[in-house]
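These are my notes from going through one model.

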Amino acid sequence: MKVRVTKKLSDSVIDVAIHTEFIKLQDFLKFCNAVESGGMAKNFILNEEVKVNGETCTQRGKKLRPGDTVTFMANTWRVTEPGS
């Protein structure tokens with residue numbers, strides 16, 4: 001059974017500041033409230049529904065650093081440094 005999550009669609013890029021050198025893709029999706037759990041993030045990533053810097057990514061542990069963008073369900077987030 002597939003579960004679909006709907007989120008408010010945004011036309012602009014949403015900046016999300018991280019306080020570490022990097023954050024893993026699965027954790028980032030939870031951190032920015034794109035998904036409710038790590039299991040949901042895993043399924044969406046493995047089903048090729050997440051893009052990192054414009055390319056489909058199937059690596060849950062992909063390291064995201066400031067400047068990277070994540071696109072999921074018609075929303076785009078940009079990883080930034082604190083205070084950016």
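**Entry 1: charged pairs**

With which residue does R78 form a salt bridge? I looked it up in the model, which is a predicted one. The partner is D15, and the closest N and O atoms of the two are 2.8 Å apart. I then checked accessibility. R78 counts as partly exposed because its relative accessibility is 31%, and D15 is partly exposed at 42%.

How many salt bridges does a search of the whole structure find? I got 3.

I took E21 and R65 next. Their side chains meet in a salt bridge at 3.7 Å, N to O. This pair also links distant parts of the chain, with E21 in the loop between β1 and β2 (23-24) and R65 in the loop between β5 and β6, 44 residues apart. E21 counts as exposed, since its relative accessibility is 58% and the cut-off for exposed is over 50%. R65 is partly exposed at 35%.

The pair K30 and D27 is local. Their side chains meet in a salt bridge at 3.8 Å, N to O. Both residues lie in helix α1 (residues 25-31), 3 residues apart, which is about one turn of the helix. K30 counts as partly exposed at 34% relative accessibility, and D27 is partly exposed with a relative accessible area of 34%.

**Entry 2: a charged residue without a partner**

I noted that side chains of opposite charge can pair when their charged atoms come close. I then looked at D68, which is in the loop between β5 (63-64) and β6 (69-72). D68 is buried yet has no salt bridge. How far away is the nearest side chain of opposite charge? It belongs to K62, and the distance is 6.2 Å. A salt bridge needs the nitrogen within 4 Å of a carboxyl oxygen, so K62 does not qualify as a partner of D68.

With which side chain does the side chain of D68 make a polar contact? I found N53, at 3.0 Å. Leaving aside neighbours within four places in sequence, the contacts of D68 are N53, K63, W77, R78 and V79. R78 is therefore on the contact list of D68, contact meaning heavy atoms within 4.5 Å, while the salt bridge I recorded for R78 is with D15.

**Entry 3: strands around β7**

I counted the elements: the chain has 2 helices and 7 strands. From the N terminus on, their order is β-β-α-α-β-β-β-β-β.

In which sense do β1 and β7 run, parallel or antiparallel? They run parallel and are joined by 5 bridges. One of the bridge pairs I looked up is V13 with T76 in β7.

β6 and β7 pair in the antiparallel sense over 4 bridges. In that pairing, T69 stands opposite R78 in β7. The two strands form a hairpin with 2 residues between them, and M73 in the turn has a positive phi of about 50 degrees.

I also checked T80, which is in strand β7. T80 is buried because its relative accessible area is 10%, and the cut-off for buried is under 20%.

**Entry 4: the nonpolar core**

Which residues of the largest nonpolar core touch the most other members? The core has 21 residues, and the answer is L25, F28, L29, V50, L64 and F72. The elements giving two or more residues to this core are α1, α2 (38-46), β3 (50-52), β6 and β7. α2 gives the most, with 4 residues.

I listed the contacts of L64, not counting residues up to four places away in sequence. L64 touches I18, E21, F22, I23, L25, F28, V52, V70 and V79. E21 on that list is also the salt-bridge partner of R65.

**Entry 5: totals**

Buried residues make up 32% of the 84 residues in the chain. Of the contacts with a separation of 6 or more, 54% come from residues 24 or more positions apart.

Notes:
Residues numbered from 1 in each chain as written. Predicted model: local features only at pLDDT ≥ 70, side-chain atom pairs only at ≥ 80, totals over all residues. Heavy atoms only, no water. Buried < 20%, exposed > 50% of the residue type's maximum accessible area, 1.4 Å probe, protein only. Lys, Arg positive; Asp, Glu negative; His and termini not counted. Polar contact = N/O pair within 3.5 Å; in protein donor to acceptor, adjacent residues only side chain to side chain. Core = buried A, V, L, I, M, F, W, Y, C linked by side-chain atoms within 4.5 Å. Pairing = 2+ DSSP bridges.
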